[in-house]
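Colleague: I would like to go through this model step by step. Please give the cut-offs as we meet them.

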Amino acid sequence: MPETETTNFGTISFARESVFEFPHGLPGFEERRKFLPVQNPLTAPILFLQSLDEPSLCFTTLPIWVVDPHYRLHVTEQDLEILGFPADRQPRIGDEVLCLAVLAIRKTGTTANLLAPVVVNLKTYQAVQAVSPETGYSHQHPLFSQEATAC
Amino acid sequence: MLIMSRRQGETILIGEDIEIVIAHIGRSRVKVGIRAPRQMLVVAQEIKLVGEENRAAAQAPSAPVLQAILAQLLPGPHTFSGRSDEGSVRQDAEDKN
């Protein structure tokens with residue numbers, strides 16, 4: 001089983017089949033194509049996306065419906081093509097795709113990027129960060145209401 | 001900001017090298033063709049925003065910060081959908097191994 005060095009989790013071994021492949025990387029990280037989903041039972045449902053190319057690069061994500069139970073996915077035709085889905089309909093969350101909101105944790109509070117969810121084809125593990133401006137979702141959606149924010 | 005009025009098929013020139021064509025005007029959106037030197041980065045503004053947001057999000061938080069997030073998350077009403085989504089990942093990973 002291959003192993004990888006990580007800043008956050010030390011050395012971890014993984015199955016090659018479990019790697020998410022982003023053919024175009026993510027905005028700001030276009031050269032980072034392979035990410036390993038890492039889950040710690042103690043911090044579920046948080047899912048970490050650990051870069052296999054850069055040990056210190058790790059995104060913290062939540063399943064999108066944890067952030068917004070009414071979230072409606074809108075993937076552009078280009079992104080559907082990358083994911084390997086037909087262009088005439090949206091893939092189903094939980095069934096055909098995993099849909100994750102990337103969290104940004106700042107002193108002022110934690111926000112989730114609903115403008116650009118990470119979408120993963122659950123059969124092939126091909127993935128994109130699907131920027132969908134037409135939906136009107138925010139790239140800094142507050143995770144908690146102001147008074148409840150602890151960090 | 002300079003505002004110009006253009007019809008479908010008309011072009012705007014910026015400097016010597018950049019050409020912007022109004023390719024199609026729909027009900028609520030326009031398609032714009034851009035011809036620019038290869039080394040010039042052309043992206044929708046949202047892509048830049050997401051890139052900045054990703055850079056801000058690119059490090060895993062410390063354990064206490066994670067626990068603070070979870071403490072607020074778990075008693076909430078949305079736990080169930082999170083678990084079901086997570087379950088489908090795990091199951092899929094097992095299927096493949």
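Colleague: What percentage of the 97 residues of chain B count as buried?

Modeller: A residue is buried if 20 or more other C-beta atoms lie within 10 Å of its own, exposed if 12 or fewer, and partly exposed in between, with C-beta atoms placed from the backbone. By that count, the buried part of chain B, which has 97 residues, is 15%.

Colleague: How should I read the numbering, and what kind of model is this?

Modeller: Residues are numbered from 1 along each chain as its sequence is written, while chains are lettered from A and ligands numbered from 1 in the order in which they are written. Local features need pLDDT of at least 70, side-chain atom pairs count only at pLDDT 80 or more, and totals for chains, interfaces and linings use all residues, since this is a predicted model.

Colleague: In what order do the elements of chain B run?

Modeller: Helices (H or I, at least four residues) and strands (E, at least two) are DSSP runs, numbered from the N terminus. Chain B has three helices and three strands. From the N terminus on, their order is β-β-β-α-α-α.

Colleague: What is the radius of gyration of chain A?

Modeller: Chain A has two helices and ten strands. The radius is taken over C-alpha atoms, and the globule rule is 2.2 Å times the number of residues to the power 0.38. For 151 residues the rule gives 15 Å, and chain A is close to this, so it is as compact as a globular protein of that length, with a radius of gyration of 15 Å.

Colleague: Which element gives the most to the side of chain A that touches chain B?

Modeller: Two residues are in contact if their C-beta atoms, placed from the backbone, lie within 7 Å. The contact takes 45 residues from chain A and 36 residues from chain B. Elements giving two or more residues to the chain A side are β6 (58-63), α1 (64-67), β7 (97-106) and β8 (109-121) of chain A. With six residues, the one that gives the most is β7(A).

Colleague: Which residue in β2(A) stands opposite Glu3(A)?

Modeller: Two strands pair if DSSP finds at least two bridges between them. Strands β1 (residues 3-6) and β2 (residues 10-13) of chain A pair in the antiparallel sense over four bridges, and a hairpin of three residues joins β1(A) to β2(A). Opposite Glu3(A) stands Ser13(A).

Colleague: Over which residues of chain A does pLDDT stay under 50?

Modeller: pLDDT is the predictor's confidence in each residue, from 0 to 100. The mean for chain A is 93, and 95% of its residues reach 70 or more. Where pLDDT is low, the predicted coordinates should not be read in detail. In chain A, pLDDT stays under 50 over residues 146-151.
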